[in-house]
Amino acid sequence: IERSMAPLSPPYCEKFGWMMDEKAAEDMRARNEARVAELDAKIKDAEDNLGDSEVRDAMLAKAEFFAEVGDRESALAAFDTCEKKTVAIGQKMEMVFSVMRLCVFHDDWVALEKQIAKLKDLLEQPGGADWERKNRLKVYEGVYKMARRDFAGATSLFLESLSTFTTYELMTYDEFVFYAVVCAVVSLRRTELKAKVIDSPEVLAVIDNIADGSVRDMVNSLHACKYREFMLAFPDVADAVNKSTWLHAHHRYFLREARVAAYAQYLASYKSVTVASMASSFCVSEEFIDQELSNFIVEGRLNVRIDKVNGVLVTNRPDAKNALYQSYIKEGDHLLNRIQKLSRVIDL
């Protein structure tokens, strides 16, 4: 209401079950109409009495106002009109950033992908080589990849931006580090996690402040193989992920992938281990760990076999050379079959 975001009132009231305040909505619409009329007058005055630069600035102010009140369609049309009046590459790129923020706000990831490609083209044009904007673009692209569940791609972009982060219009630095660490936990190997995240000076500077230190406890305990501490910190991090605007949809995916990473790391140290020992290490019941491992084994995520009679877990590490040999055998058989079929056709 304070920002006069009248276009968002009906859909948000319907989404969250709020009571629609018709008087407040009417007041917001009246204020917005008055402001638009004022901006239109400034544009008309600039067209009649001033130069192209002033006209462009007045048009940009109108576009930014539409974006501020949540009128997405009007904002996009206004930005498009303003772009036609813009000559400088830098100003065009700033408008693309504004449009990308609109896409992020409205969760329009398809449109964001197009804007990212557009900005990359602008950066390649003469006069467009701007390191500050390139670094900001990495953060926007990282958010896009994270929202589309490409955590590996997001991790790479976020880690590259740790020391050059300036995208404060999108998130705070603490939030940025939170996203970088969460994505890294489910996409990096243990050695990479240590080198690129745990020992990173940029991460160390703020990680104590993130989610009351639970993110720090989770990632450090995972690397140190302290699985009891990992399981104690894990729920708090999962709650933070669930509350995140961009990660909420991937909450269950994060829960699953983080647990798989921890279980796989634990089992890699043993040729065989009892279910009771693993359950004790993770501070859970034997029934829980049995059910967890059964699900992940069926999905092909863990290379382990459960001996229910003796209560033992037997790991069966994949033999890469043998798997490659078997694939060659299958491909060879398939090729021979095709050659035989072809020879019959030629004989006919």
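Guide: The protein chain has 17 helices and three strands, these being DSSP runs numbered from the N terminus (H or I, at least four residues, for helices; E, at least two, for strands). The model is predicted, so local features need pLDDT of at least 70 and side-chain atom pairs count only at pLDDT 80 or more, while totals for chains, interfaces and linings use all residues. Residues are numbered from 1 along each chain as its sequence is written, and side-chain values use heavy atoms, with hydrogens and water left out.

Of the 348 residues in the protein chain, 41% are buried, that is, under 20% relative accessible area (1.4 Å probe, protein chains only).

His-250 is buried, its relative accessible area being 7%. Its side chain makes a polar contact of 3.1 Å with the side chain of Arg-149; such a contact is a pair of N or O atoms within 3.5 Å, and within protein one must be able to donate a hydrogen and the other to accept it, with residues adjacent in sequence counting only if both atoms are side-chain atoms. When neighbours within four places in sequence are left aside, His-250 is in contact (heavy atoms within 4.5 Å) with Met-146, Ala-147, Arg-148, Arg-149 and Phe-151. For the protein chain as a whole, among contacts between residues at least 6 apart in sequence, 57% join residues at least 24 apart.

Definitions and conventions
Buried means under 20% relative accessible area, exposed over 50%, partly exposed in between (1.4 Å probe, protein chains only).
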